[in-house]
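Please open the model in your viewer and keep the sequence panel beside it, ready for selection by residue number. The stops below go from strand pairing to packing and then to charged pairs.

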Amino acid sequence: SNDGVYHDMNCESLSYDRHRGTDFFAFPFYWYQYENDMLDVVAAEEGQIILKVGQADNCVARGSYGMHMAIRHGNYISVYAHLKEGSLTDKDVNDVVAKGEFLGKVGFTGNSASGPHLHFQVNMDPDLDNGWTVDPYLTTCQSSNQSQDLMERKQEQEYRYTELLSLTTHLDDPVWGNACDNSFTENPYFGDEYQIGDTIIIIAAVRDFTNTQELSVTLTDDLGVIRQQWRLDMRDITGRDNQHQSAVYAKLNYLVQDTDPTGKWTIGAAIRERINGRLTQVGSFLEKDCTVEPFTTSAELEAIS
């Protein structure tokens, strides 16, 4: 609406007043993905660039959009904000972009103190701060004069959409987060090769996890024997009895024993919910392999080298 009072796509509170867009985060390890230029921003639809702002300082809470672009699609304008410094497309104002064309990288320029993310906004007026803002998700929360769909959306996603975001293995405990003054760098320590005596570190990330669901993770060795299975509910993961978490992750450890077989091991993860008395899988099943090798002594390493 134009009165500064905003709601999310279900007329509820996953938004806040005077926030005109939808924020997209790459969870987890969004600082790592930002630092390694892994997060492309592309045009939502074909259109003409009408605004391109390429000068902004990181971690400065002024100039709310930071580095941003605006593209006109007929009666609508899409806005892409907080883009990474130096990442914007070479195309300029008045140039035409195709649907899906690269615009820049996700950054944290402007007022984006919560970390690297894309602020996506749809307007009906080039005045981004005062023009009429449209909810691109098109739900009953909008009045009839707002209920037009820029993206020609074919189906409506569920309000809460439980899904496994990622299943990763690590060689050491990840170092999380990053300071705006670059005092330290996020390091996930990704890896999938272990020896006898090493700890296999597993991280499973989930969106829209609820207290009626459980995260199930199974670690199976090269002989097909389940070495460990974790079944985690909301309290296990967060330490609280929250009804809903937009994004959570579980970190699981397994110490490889000298009696364990070497070879290819497999990790499988799924979300299950009790429906009508039965546990039913929700969303996709993720699987990842890792390798367990015999322990290599320092003397052996020296001989190999």
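Select arginine 272 and you will find it opposite glutamine 281 in β17. Everything on this tour belongs to a predicted model, in which local features need pLDDT of at least 70 and side-chain atom pairs count only at pLDDT 80 or more, while totals for chains, interfaces and linings use all residues. Residues are numbered from 1 along each chain as its sequence is written, and side-chain values use heavy atoms, with hydrogens and water left out.

Now widen the selection to β16 (263-275) and β17 (278-293), which pair in the antiparallel sense over 12 bridges. Strands and helices here are DSSP runs numbered from the N terminus (strands E, at least two residues; helices H or I, at least four), and two strands pair if DSSP finds at least two bridges between them. Both strands belong to an open sheet of five with mixed pairing, in the order β11-β17-β16-β13-β14. At its edges stand β11 (193-195) and β14, each of which pairs on one side only. Neighbouring strands of this sheet are turned by 25 degrees against each other on average, direction ignored; the axes behind such angles are lines fitted to C-alpha atoms, for helices over the stretch in contact, and angles run from 0 to 180 degrees between N-to-C directions.

**Second stop: a three-stranded sheet**

Select β10, β12 and β15 next, and you have an open sheet of three strands in the order β10-β12-β15, paired antiparallel. Because β10 (163-170) and β15 (244-255) each have a single partner strand, one side of each is left without a neighbour in the sheet.

Which residues touch the most other members of the largest nonpolar core? They are Ile200, Ile202, Leu215, Val217 and Trp230, out of 28 residues in that core. A nonpolar core is a set of buried Ala, Val, Leu, Ile, Met, Phe, Trp, Tyr and Cys residues joined through side-chain atoms within 4.5 Å, where buried means under 20% relative accessible area, exposed over 50%, and partly exposed in between (1.4 Å probe, protein chains only). The elements that each supply at least two residues of this core include β13 (213-220), β14 (226-232) and α2 (234-238), and its largest share, five residues, comes from β12.

Centre the view on valine 217, whose contacts (heavy atoms within 4.5 Å) include Ile202, Trp230, Leu252 and Ile267, not counting residues up to four places away in sequence. A second, separate core of 19 residues includes Met67, Leu83, Val97 and Leu118.

Move to β4 (residues 67-73), where six of the seven residues are buried, so the strand is largely enclosed by the rest of the structure. Strand β3 (residues 47-53) runs antiparallel to β4 and is joined to it by five bridges, with histidine 68 of β4 as the bridge partner of valine 53. On pairing with β5, β4 again runs antiparallel, here over six bridges, and histidine 73 stands opposite tyrosine 76 in β5. The two strands β4 and β5 form a hairpin with two residues between them, and glycine 74 in the turn has a positive phi of about 65 degrees.

**Last stop: salt bridges**

The structure holds 11 salt bridges, each defined as a side-chain nitrogen of Lys or Arg within 4 Å of a carboxyl oxygen of Asp or Glu. In one of them, the side chains of glutamate 101 and lysine 91 meet at 2.9 Å, N to O. Glutamate 101 lies in the loop between β6 (96-97) and β7 (102-105) and lysine 91 in the loop between β5 (76-83) and β6, so the pair ties together parts that are 10 residues apart in sequence.

Then select lysine 251 and aspartate 173, whose side chains meet at 3.1 Å, N to O. This pair links distant parts of the chain, 78 residues apart, with lysine 251 in strand β15 and aspartate 173 in the loop between β10 and β11. Lysine 251 is partly exposed at 36% relative accessibility, and aspartate 173 is partly exposed at 39%.
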